[in-house]
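Please read the points below with the coordinates open beside them.

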Amino acid sequence: MKKFTVVFAAAVMAVSLAACGAEEESVQAPETEVEAQVEDGAEADVQDADADADADADADADADAAEDSDVVVMSYAEFVAADVDTEVVVETYVQDKQGWWENEGVGMATFYTQDKDGAYFLYNMPCSQEDYDAMVPGTKIRVTGFKSEWSGEVEIIDATYEILDGDTYVADATDLTDKIADAEALADYMNQYVSFTGLTVAEREGGAFTYGWDGSKAQGDDLYINLEDADGNVYTFVVESYLRGADTEVYQTVEAFNVGDTVDITGFMYWYEGPQVHVTIATVK
């Protein structure tokens, strides 16, 4: 009887332990399943977030591509043919620039730009100091603005820009010495980087140059010079102080001119009631 009781008690204990084990397993199993679901859900959320980010990036890229595809960039010939006050879009390369300044808190500067077909004068184009510094000679930009004309000078005003990656271009000066007497021919090179050789310094208001158009200005203002070709024709050139100030080599070289000096000149074919080159290099021969 005692043996049976002991055996029965052992059996009961075994069943109880088995039941406890089963109960423990039944409690732990749901926790493991929940953790797996949470981990799977978190991973899915991360994947969804990555997918959304990729989709947003693709959408932005598609939008930029669509916007670029809507832009019609003009050739230089199309720009020349466009009417004054027409909105124009060109891609061109910075060659030089006048000083940066602020107008009522808005930074701006005037740029001389050119491509392999022609040149564009960007007058007082709003830009940040940072972008101004970044637009070194050769920088490619896309410009949207309005074609304008002032005293014969064709320019782009009210312009906006985009700095473009890719190729660069810096123009060599085109020698126009043989065309200096032909204003119509010179107009075909408006705003381009050009040069003239073997000109003679002629008198201007009793000297070799004047500060300002009529000599009423002072050092630091624009320098005006009269230069004579081999046939005795006289032309006006200017050292634009916003482009080359009093501390530059060309400004000081022109200040040292004497009437009768033979000089070579390089600069940009600006126009004011006729050709009036903005001088960047002057050499006394």
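**Notes on the predicted model**

1. Of the 285 residues of the chain, 38% count as buried, where buried means under 20% relative accessible area, exposed over 50%, and partly exposed in between, with a 1.4 Å probe and protein chains only. This is a predicted model, in which local features need pLDDT of at least 70 and side-chain atom pairs count only at pLDDT 80 or more, whereas totals for chains, interfaces and linings use all residues. Residues are numbered from 1 along each chain as its sequence is written, and side-chain values use heavy atoms, with hydrogens and water left out.

2. On confidence, the average pLDDT of the chain is 85, and 76% of the residues score at least 70; pLDDT is the predictor's confidence in each residue, from 0 to 100. Over residues 1-38, pLDDT stays under 50, and the model has 0 contacts beyond four places in sequence for them, a contact being heavy atoms within 4.5 Å. Where pLDDT is low, the predicted coordinates should not be read in detail.

3. The secondary structure consists of 5 helices and 13 strands, which are DSSP runs numbered from the N terminus (helices H or I, at least four residues; strands E, at least two). Taking contacts between residues at least 6 apart in sequence, 56% join residues at least 24 apart. The accessible surface of the chain comes to about 16,200 Å², and 50% of that belongs to carbon and sulfur atoms; such areas come from the Shrake-Rupley method with a 1.4 Å probe, and for residues only the protein chains shown count as cover.

4. Two residues deserve a look for their backbone angles. Most residues other than glycine have a negative phi, and most peptide bonds are trans. Asn124, although not a glycine, has a positive phi of about 45°; Asn124 is found in strand E4 (residues 119-126) and counts as partly exposed because its relative accessibility is 21%. Glu205, also not a glycine, has a positive phi of about 50°, but Glu205 lies in the loop between strand E8 (193-202) and strand E9 (210-211), and it counts as exposed because its relative accessibility is 65%.

5. Which residues does Cys127 touch, not counting those up to four places away in sequence? They are Trp100, Gly107, Met108, Ala109, Phe111, Tyr132, Met135 and Tyr161. Cys127 lies in the loop between E4 and helix H3 (129-134), and at 7% relative accessibility it counts as buried. Cys127 and Thr110 are 17 residues apart in sequence, and their C-alpha atoms are 9.8 Å apart in space.

6. Thr266, in strand E12 (residues 262-268), is buried because its relative accessibility is 14%. Beyond its neighbours within four places in sequence, Thr266 is in contact with Ala173, with Tyr193, Val194 and Ser195, and with His278, Val279, Thr280 and Ile281.

7. The largest pocket has a volume of about 530 Å³. Its lining holds 21 residues, of which Gln98, Tyr123, Glu240, Tyr242 and Tyr270 lie nearest the centre. Strand E3 (106-114) and E4 are the elements that give two or more residues to this lining, and E4 gives the most, with 3 residues. By class, the lining of the largest pocket divides into 12 nonpolar, 6 polar and 3 charged residues; Ala, Val, Leu, Ile, Met, Phe, Trp, Tyr, Cys and Pro count as nonpolar, Asp, Glu, Lys and Arg as charged, and the others, Gly among them, as polar. A pocket here is an open set of points on a 1 Å grid over the protein atoms alone, with protein on both sides within 12 Å along at least five of seven lines, while a cavity is a set of points where a 1.4 Å probe fits but cannot get out; lining residues have an atom within 4 Å of a point. Grid points are joined across faces, edges and corners, and a volume is the space filled by probe spheres set on the points.

8. A search of the whole structure finds 1 cavity of 30 Å³ or more, and the largest cavity has a volume of about 60 Å³. Its lining includes Ile180, Leu186, Phe196 and Met269, and strand E11 (residues 234-239) supplies the largest share, 3 residues. The lining of the largest cavity has 8 nonpolar, 2 polar and no charged residues.
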